[in-house]
Amino acid sequence: MNEYIMRYVDIDRILGRKSVFLIGPRMCGKTMFAKKEVRNPVLYWNLLSNTLYYRIVRNPALLEETLKAQGLTEGLVVIDEIQRAPQLLYTVHQFIEDTNLVFLMTGSSVRKLKSGGVNLLGGRALEKKLHPLCYPEIKTRKDFTLEHVFATGLLPEMYLHPEDADEALEAYEGLYLESEIQLENELHDLPGFIHFLEKTLFQMDSR
C-alpha cells in the first residue's frame, strides 16, 4: 500500500451541512485526500477515468440518471477532477436544491469551472484550498529535513519518493507550464518564463 501523509485540512464538519469545492494544483494530493480522509461517500466518481468521462460526454444527464436510479437523496457525493466536466454542476445545483445530498468536488482549475459551470453554484458550495505539504503535516516525520524539502519539493508524491523526484519534477514542470500557466492566459512570454525557471533552479542546484 502506498504511504500517505495525513493532511491539515478539516472539511468533514463543513460537509455535514454544505457542499465544498476542494481546489489545488495538480499532484497536491486531492484524490488521495478524498479517498483517505473523507467519510464514506454514497457515490464516488473520478473523472480522470476516461471511460466515465466519455460516458458523460455522450450523456450529460448521466449524473442525474445515476443519482435517481440509486435513489440517493442524502449523504455525500464525491466528484474528483470536476473541471473535466463542468456541465455536471447543473445537476449538482439541482440536487443541492431538491435533496439533502452534499457534494465534495475536487479540481485544479477554477477557470474551467467558471467557464463551464453555474457560477460555482452561486455560493451553494464553499471553496477550500489544498496546498502542497506544509510544516504541521511533516514536522514529526523522520525524513523531515530542509535538505529533503529543497531536493524534492512538497508535492506528496515527490516528497515520499525522493529517488524519483528529479524525473517527476521535470515531467510536472512541463505539464504545469502548459496546462496551468499558458492556458490560463496569465503568461504572455512563455519562453522567457521557462528561462527564468531554469536560471532559478540552476542557482538552487549550485548552492
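**Briefing on a predicted single-chain model**

Confidence in the chain is lowest in helix α11 (residues 190–205), at a mean of 61, and highest in helix α4 (residues 62–69), at 97; pLDDT is the predictor's confidence in each residue, from 0 to 100. The model is predicted: local features need pLDDT of at least 70, side-chain atom pairs count only at pLDDT 80 or more, and totals for chains, interfaces and linings use all residues. Residues are numbered from 1 along each chain as its sequence is written, and side-chain values use heavy atoms, with hydrogens and water left out.

**Overall composition**

- The average pLDDT of the chain is 84, and 79% of the residues score at least 70.
- The chain holds 11 helices and five strands; these are DSSP runs, numbered from the N terminus, with helices being H or I of at least four residues and strands E of at least two.
- Of the 207 residues in the chain, 41% are buried (buried means under 20% relative accessible area, exposed over 50%, partly exposed in between, with a 1.4 Å probe and protein chains only).
- Among contacts between residues at least 6 apart in sequence, 72% join residues at least 24 apart (contact means heavy atoms within 4.5 Å).

**Helices α4 and α5**

- Helices α4 and α5 pack at an angle of about 35°, and their axes are 8 Å apart; axes are lines fitted to C-alpha atoms, for helices over the stretch in contact, and angles run from 0 to 180 degrees between N-to-C directions.
- From α4, L63, E64, L67 and K68 meet L88, T91, V92, Q94 and F95 of α5.
- The residues of this contact of α4 with α5 comprise five nonpolar, two polar and two charged; Ala, Val, Leu, Ile, Met, Phe, Trp, Tyr, Cys and Pro count as nonpolar, Asp, Glu, Lys and Arg as charged, and the others, Gly among them, as polar.
- L67 belongs to helix α4 and is buried, with a relative accessible area of 0%.
- Leaving out residues up to four places away in sequence, L67 touches L43, L72, V77, F95, L101 and F103.
- The C-alpha atoms of L67 and V77 are 9.4 Å apart in space, while the two residues are 10 apart in sequence.

**Loop residue T99**

- T99 sits in the loop between α5 (88–98) and β4 (100–107), and its relative accessible area of 17% makes this residue buried.
- On one side, the side chain of T99 reaches the backbone oxygen of F95 at 2.6 Å; a polar contact is a pair of N or O atoms within 3.5 Å, where within protein one must be able to donate a hydrogen and the other to accept it, and residues adjacent in sequence count only if both atoms are side-chain atoms.
- A polar atom of the T99 side chain also lies 3.1 Å from the backbone nitrogen of L101.

**Helix α2 and its cover**

- The buried residues in helix α2 (residues 30–37) are K30, T31, F33, A34 and E37.
- Their cover includes α1 (12–15), β1 (19–23), β2 (43–46), β3 (74–80) and β4.
- T31, a residue of helix α2, counts as buried because its relative accessibility is 17%.
- Residues up to four places away in sequence aside, T31 touches Y44, N46, D80 and E81.

**Positive phi values**

- E81 is found in the loop between β3 and α5 and has a phi near 65°, a positive value in a residue other than glycine.
- E81 is buried, at a relative accessible area of 10%.
- M27, in the loop between β1 and α2, has a phi near 70°, likewise a positive value in a residue other than glycine.
- M27 counts as partly exposed, with 38% relative accessibility.

**Residue L113 in helix α6**

- L113 is part of helix α6 (residues 110–116) and is buried, with a relative accessible area of 1%.
- Apart from neighbours within four places in sequence, L113 is in contact with F21, I23, I82, Q83, P86, L89 and L120.
- L113 and Q87 are separated by 26 residues in sequence and by 8.7 Å in space, C-alpha to C-alpha.
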